[in-house]
Amino acid sequence: MGGAMGKSGKGGEENPSLRSLIIGGDFYVATVTASSLTKLVQRVAEVEGERTERVNKLVADVMRYVCAMVKLGSLGVAGSKMDDDCTERLWLCLMLLSDPNNQQMKEIWIEKCRSSYATLLVEKLKSVTKANEKEEEEKKKIKSHADDVITFRQLRGKGVIVTEIEDEDALDLSRATGLGDEEDFASRLKRVTQLTGLSDPVYAEAVVTVHDYDIVLDVLVINQLNEHMHNVCLELATVGDLKLCERPQTYQLAPHAQIHIRANIKVSSTETGIVYGNIVYDTGESKGKDDNNKDAQNMVILNDIHIDIMDYITPAHCSLLQFRQMWAEFEWENKVALNTSITDPVKYLRHVVSCTNMECLTHIDDESGDCGFLAANLYAKSIFGEDALVNVSIEKQRDGSLGGNLRIRSKTQGIALSLGDKITLKQKFIEPAAGGGSQSSKSWGGDKGARGGKCDNRSGGASTSAAAAAADLLDKGTGPV
């Protein structure tokens, strides 16, 4: 079979031939070869009009090749045995070749596979065209003019007057604090986190602004007492890869006065971080020096601020080959069980893509009608260059509910756990009442604080359902052709 030798490349090395790849244990190539040969034979049979002697000879040759592939995989001569998915694919080829009157299988293999592949190519062409247009638009944008002033901060003299054009420091500060982009009052309210209660002596709330590697907390502190507060200090601490940039300072607050305290935090990795702390203050005229009864230091515990991982993740695109390579290389996996009231697999997938801010690499046709099974790959990249992979495997149960799991893989444990938390929190769905408005009015909920799943080094059990079996395709390097 396939005795063609590879052509020699540079340096005298030979490119691997089809035979050497199959004998070397690449059973995915074997399944693709068997499927292609089976389809070619069916095409020849359609042209001939009947099973002539020439067609029967071709069928016998292809069946012999397929049987040889199955035997090679079962013996384990290549170092590893063929997985069940590849074996099942080869047996399907044998079934089609041995049953020429099965019109249903012929229609699936010859017509529907071709139309599905054509649709995939059209969608891929659209995505490539859209990406090229976006790239051309970026190239046309003028980032800086030829006569713009280049400012070197280190070369400025002490007496130099800084103009508006040269004030790059103020521009960087506005970008870091989020002031460079115009935002309305409503969008700013969405980022407000209440830190204390309305009945506490000190009321505090924070506006959280995330910009790349920086997190800025703009904390509003209000004295709700009828006496002065001395030595008011905002003490913060972090959990995760977060680092405070400044030491806490003390302030004085008059009765019912307020003050804005800004805290800068540096982020070093994509992980859900927590900022917690308290506000301490003294009361009394002696400013906390002698009178222990009046001037004992008071403390108000603040609510935790959870930094959302979605602020660091952006949708990205990669090829199927790159996805498989990264899937095989990444060592941390988090397996999240599907738990939702959504009954449509495509609708659930769209919801997961929207709440995780990831790119769906698998083409999903909304007009394909109802489906009982769905498998898709999601990909995203963080601002720190970390890759996040998600494989979604969904199966519709007999009672109409959805079952399956989502497998998350990454190089680091933090991003795998954080994505699992986010999916667990957002995957539940409550249907609106009859006639209850648009999708924006639908409520989303989940088990707050629950971990998305056990995160370990590539753990995975045996596949007992169709959804779990499809999820294991990535591990085995196989998939439908």
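A salt bridge is a side-chain nitrogen of Lys or Arg within 4 Å of a carboxyl oxygen of Asp or Glu. The legends below describe a predicted model.

**View 1. A salt bridge between Arg409 and Glu333.** In this predicted model, Arg409 and Glu333 form a salt bridge in which the closest N and O atoms are 2.6 Å apart. The pair links distant parts of the chain, since Arg409 belongs to strand E16 (residues 402–410) and Glu333 to strand E12 (residues 332–337), 76 residues apart. Both Arg409 and Glu333 are buried. The structure holds eight salt bridges, and two further pairs are shown in the views that follow.

**View 2. A salt bridge between Asp214 and Lys266.** The side chains of Asp214 and Lys266 meet in a salt bridge, with an N to O distance of 2.5 Å. Because Asp214 lies in strand E3 and Lys266 in strand E7 (residues 258–267), the pair ties together parts that are 52 residues apart in sequence. Asp214 is buried, with a relative accessible area of 18%, whereas Lys266 is partly exposed, with a value of 40%.

**View 3. The open sheet that holds strands E3 and E7.** Five strands make up this open sheet, in the order E1-E2-E3-E7-E5, and their pairing is antiparallel. Strand E1 (192–194) and strand E5 (242–244) are the edge strands, each of them pairing on one side only. On average, neighbouring strands of this sheet are turned by 30° against each other, direction ignored. Within the sheet, strand E2 (residues 202–211) and strand E3 (residues 214–223) pair in the antiparallel sense over ten bridges, and Thr209 has Val216 in E3 as its bridge partner. Strands of a sheet pair through backbone hydrogen bonds, either parallel or antiparallel.

**View 4. Charged side chains along helix H3.** Lys57 and Asp61 both lie in helix H3 (residues 53–75), where they are four residues apart, about one turn of the helix. Their side chains meet in a salt bridge with an N to O distance of 3.5 Å, and Lys57, Asp61 and Arg64 are linked in a network of salt bridges. Lys57 is exposed, with a relative accessible area of 56%, while Asp61, at 19% relative accessibility, counts as buried because the cut-off for buried residues is under 20%.

**View 5. A nonpolar patch on the surface.** Tyr117, Leu120 and Leu121 form a nonpolar patch on the surface, and together they have about 300 Å² of accessible area. Leu120 is found in helix H5 (residues 103–140), and this residue is partly exposed, with a relative accessible area of 41%.

Methods. Residues are numbered from 1 along each chain as its sequence is written. This is a predicted model: local features need pLDDT of at least 70, side-chain atom pairs count only at pLDDT 80 or more; totals for chains, interfaces and linings use all residues. Side-chain values use heavy atoms; hydrogens and water are left out. Patches are made of residues with over 30% relative accessible area and no salt bridge: like charges are joined within 9 Å, nonpolar side chains (Val, Leu, Ile, Met, Phe, Trp, Tyr) within 5 Å. Accessible areas come from the Shrake-Rupley method with a 1.4 Å probe; for residues, only the protein chains shown count as cover. Helices (H or I, at least four residues) and strands (E, at least two) are DSSP runs, numbered from the N terminus. Buried means under 20% relative accessible area, exposed over 50%, partly exposed in between (1.4 Å probe, protein chains only). Two strands pair if DSSP finds at least two bridges between them. Axes are lines fitted to C-alpha atoms, for helices over the stretch in contact, and angles run from 0 to 180 degrees between N-to-C directions.
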